[in-house]
Amino acid sequence: MVKLVALDLDGTFYAGRNLGVPESAWAAIERGRSAGLKFAVCTGRPQGGHGLQYAQRLQPDGPHVFNDGASICEAWGRSLFAEAVPRLQEVIALARKHALPFDLMGADGGRYYENELMPPELLTHIEMTGVVARSAIFEEIRETLVRLWFVVPDLSLWETVKPDLATLPEIDLAEYISPREVITGVIKKGVSKSSGLRWLAGHYGFALEEIAMIGDSHNDLEAIRDAGLGVAMGNAVDEIKAVADHITGHVRENGFAQAIEYILALNG
């Protein structure tokens, strides 16, 4: 029986700027909660902003996973768990050396960039999450820093820097490459949404087999595979569909609501 549903946000619950979160998804959450299900955000987004607002409505009395498992907090923002990025001074030294735009995520919801003016490469990504960012020098930040994001418009520059980062065995890199830019997250090695699910299981006293994970993208793969029930959205990448136990509809076609109905039917 599924007792907890962990859900990715972008492409799973959130259907983009035009549609936002479909009303069918919120209605499905209410049906699930009425049937005794608990819910948890499990996202790569930074802690705070729109993601935390969703968490407050989904499960106001429970923990939620942000930064791909590097930070876990209450729905109202109090930090419960954090994994600091190791070797961060060295990573930032490389960024400074090559003038790579980057921003830093904190365990208490802070978001920082290291310029007097926000680099335009970061602006879109910061605005999307609704987490307010401020300029700060790394050495002066006192908050535990759990993730760094590079946004690099020059692919050749990124390919120059990447081998140096790869020499740091304590970190993992998550790359998203488009024709316009390379977006790369830096996080402690071994930290993932799957490790976040295990933390949630311990918190609630559930077996991992009693947790469902719904997602669509590469950073959901381990959690989809390791959860008791892994559900891939209809718009999910092929790698996610290959490891999922069930494939639901597209996020823009009530796929999330269909996933919850499927879980409720399994629970009987």
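Reply: Asn-67 sits in the loop between strand 3 (63-66) and strand 4 (71-74). Strands (E, at least two residues) and helices (H or I, at least four) are DSSP runs, numbered from the N terminus. This is a predicted model, where local features need pLDDT of at least 70 and side-chain atom pairs count only at pLDDT 80 or more, while totals for chains, interfaces and linings use all residues. Residues are numbered from 1 along each chain as its sequence is written, and side-chain values use heavy atoms, with hydrogens and water left out.

Look at the backbone of Asn-67. Its phi is positive, about 55 degrees, although Asn-67 is not a glycine. Most residues other than glycine have a negative phi. Now check the surface. Asn-67 counts as buried because its relative accessibility is 0%. Buried means under 20% relative accessible area, exposed over 50%, and partly exposed in between (1.4 Å probe, protein chains only).

Find Arg-87 in the loop between strand 5 (79-82) and helix 3 (88-98). Its relative accessibility is 32%, so Arg-87 counts as partly exposed.

Next, go to a glycine. Gly-106 belongs to strand 6 (residues 102-106). Gly-106 counts as buried because its relative accessibility is 2%. What is Gly-106 in contact with, leaving aside its neighbours within four places in sequence? The contacts are Glu-143, Thr-144, Leu-145 and Val-146. Contact means heavy atoms within 4.5 Å. Leu-148 is 42 residues from Gly-106 in sequence, with 9.3 Å between the two C-alpha atoms.

Now the helices. The axes of helix 2 (residues 49-58) and helix 4 come within 5 Å and cross at roughly 15 degrees. That angle makes the two helices roughly parallel. The axes are lines fitted to C-alpha atoms, for helices over the stretch in contact, and angles run from 0 to 180 degrees between N-to-C directions. Under 35 degrees counts as roughly parallel, over 145 as roughly antiparallel, 65 to 115 as roughly perpendicular, and the rest as oblique. Gly-49, His-50 and Gly-51 of helix 2 meet Glu-127, Met-128 and Thr-129 of helix 4. This contact has one nonpolar, four polar and one charged residues. Ala, Val, Leu, Ile, Met, Phe, Trp, Tyr, Cys and Pro count as nonpolar, Asp, Glu, Lys and Arg as charged, and the others, Gly among them, as polar.

The largest pocket has a volume of about 1,100 Å³. It is lined by 40 residues, and Asp-10, His-125, Met-128, Tyr-176 and Ile-183 are the closest to its centre. A pocket is an open set of points on a 1 Å grid over the protein atoms alone where a 1.4 Å probe fits, with protein on both sides within 12 Å along at least five of seven lines; lining residues have an atom within 4 Å of a point. Points are joined across faces, edges and corners, and the volume is the space filled by probe spheres set on them. Helix 4 gives the largest share of this lining, seven residues. By class, the lining has 14 nonpolar, 13 polar and 13 charged residues.
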